[in-house]
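Student: I am new to this structure and would like to learn how its features are read. Could you take me through a few of them, starting with the general idea each time?

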Amino acid sequence: MYLFSDLKRRLAEWYQKEYNNVPFIPSMQEYEVTMRQLYVAPKIVEKDNKNNSEVRIRTFTDFLMKDGCLCKNIFLVGEPGTGKYTFTQNLALQWGELQLQSVLAEKDTVSESDEEFQDKNTLQMIEFLFHVSLRDANGHCSYTNIIRDQLLVHLYNQSELDQADKLVQTILECPTSCILSDGLDEWSHTELGQCSCPSNMKGRTPVICQPHSAITITTSRPWRMTQCPPKESKVEKRLEIEGTSSVERLGEKVVNIMNNRSGKHDEFSAIEGYVQKKGVAHLLTIPILLLQIVCLFFDGKDVSNSHSKIYASIFDMLMGRPQDSIKNRRGVAPTFQLFADKLNIIRYWTYFTEVAKLAFTQLFPQQGHSSVVFNSNTCHLDDEVKRFALKHGILSEKQSKSFSCRSSNLTFIHKSFQEFLAAVHMGLHEDLFEIAVEPRYSFHASCSFNYYMSDLSHIFIFMCGININMAEKMSEIMNTHVKCVKCENEISRMFFICQEHEYTLTHLKEQGVMEADKNGFQNFRPTLYNITSYIQFKVMTYFTGYWK
């Protein structure tokens, strides 16, 4: 029994050490706060597509249980920046806090601030929790190997590892043990030779080789669940995470921290009202963007009603922070109207464009999957540019959690920042879309509409504010590659795009027209053919004169 309780204590202390302090803002790694100071529970829902309904998940009981029993396979799906990783960090941290308490002091009630996920008694039902990062799994397809590589090597001496391995294998036979794995979309099955995965499971998720009863909780972006879905029998509960559950509560926490650091007395309600007037309040539901927009406000920068202008302002703010020994590599002045008044971007234009090139090559590699996390040794970034991007908070660098591969990983502070920079690079090199991007989808003709659109939609919107000629070209090519079905209309004999996709593509191009208009491009004419006459009529009612 001592070995089990000792491992539980070591895991709990490790989570306290690793997750209790977090950067206040990812772009300012030196400023740390405790998780409790900043954390606000995310909005998590369970959707019933058949009945077009959804149920809010507000407690650990809702999250972990079904019909009175602990679920065995839970998938938490959400877009980048919606809080998947922070939620798993906080879950591991809270579990660790419970293990370090001799007696559960907190009752099963909600706190005074109405914070969600406060039913600690349910969380305490999990006796062992192993939190691992699949993006750092280095091709391992066995959870036991990943746990050894990311956790046990930090908790035990080398001479104790084999015994600890056997201990974990025994624990995973327990129905109240749990593997909490983050980043399925960043994991790939590259382990060869000694792989013991069942043939029908290869590449879907990591596996537990020996018989087990453990709970698995896995986070992923939606595209992975579409392109390489786990078997239906392995998904007992699929939940969706949609950002923060309370913009007001998160905003108040952020503003309080900023006030304490700056000596100001601002209120989040004033910031929220200002952003609402600009028509971009929806961006506040994404925690990372809320943080950056609040920083713009505190720095006295204007918050535009254009997505492209907001991101340009954020980069200009980041690049304006004073740093020692950074050379002024101005290079060629930007030709885009978007950056005409962005003095810091102009000042460091060469750095900016080289980081933009990195963003593009990682999103659209010549081979393999796109990546939001990449190895610092293989990304081919000039050392001086890398240092500039790290010092100004455009990139962040973390040591890999893998003990067997002691390298560091780079990532942009949010995928949407990477997409903005990739759009800048494409706007500067208009042939890249046809050379590097279009073939990616032509080759994968079977790729789903949702996968295609999730890859390109944000870049298209940004392009509408950066380079309008390139946006028109993207519009035409995107239409070409939308999978059509023969569904003859008795009157007009037209061919239609699948109806469920009509609204998505039309809505995207509506957004593009509005983004272009906000950036002074009044004559933007996106292509919109193969659309039913009803949808065309509805769109042209609002955008007469814009459409081909």
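Tutor: Let us begin with burial: a residue is called buried under 20% relative accessible area, exposed over 50%, and partly exposed in between, using a 1.4 Å probe and protein chains only. Phe 388, with a relative accessible area of 0%, is therefore buried. The model is a predicted one, in which local features need pLDDT of at least 70 and side-chain atom pairs count only at pLDDT 80 or more, while totals for chains, interfaces and linings use all residues. Residues are numbered from 1 along each chain as its sequence is written, and side-chain values use heavy atoms, with hydrogens and water left out.

Student: Which ring forms an aromatic pair with Phe 388?

Tutor: Rings of Phe, Tyr and Trp (for Trp, the six-membered ring) pair if their centres lie within 6.5 Å, and the pair is stacked if the planes are under 30 degrees apart, edge-to-face if over 60, and tilted otherwise. Tyr 348 and Phe 388 form a tilted pair, 5.0 Å from centre to centre and with 50° between the planes. Helices (H or I, at least four residues) and strands (E, at least two) are DSSP runs, numbered from the N terminus. Tyr 348 lies in the loop between helix H13 (343-347) and helix H14 (349-363), and Phe 388 in helix H15 (residues 383-391), so the pair ties together parts 40 residues apart in sequence. Tyr 348 is also buried, at a relative accessible area of 5%.

Student: How many aromatic pairs are found in the whole structure?

Tutor: The search finds 25 aromatic pairs. In one of them, the rings of Tyr 15 and Trp 95 have centres 6.1 Å apart and planes at 65°, so this pair is edge-to-face. The pair links distant parts of the chain, with Tyr 15 in helix H1 (residues 2-19) and Trp 95 in helix H4 (residues 84-100), 80 residues apart.

Student: How are two packed helices described?

Tutor: They are described by the angle between their axes and the distance between the axes. The axes are lines fitted to C-alpha atoms, for helices over the stretch in contact (heavy atoms within 4.5 Å), and angles run from 0 to 180 degrees between N-to-C directions. Helix H9 (residues 247-262) and helix H11 (residues 287-298) pack at an angle of about 40°, with their axes 10 Å apart. Angles under 35 degrees count as roughly parallel, over 145 as roughly antiparallel, 65 to 115 as roughly perpendicular and the rest as oblique, and H9 and H11 are therefore oblique to each other. Among the residues that meet are Val 247 and Leu 250 in H9, and Pro 287 and Leu 290 in H11.
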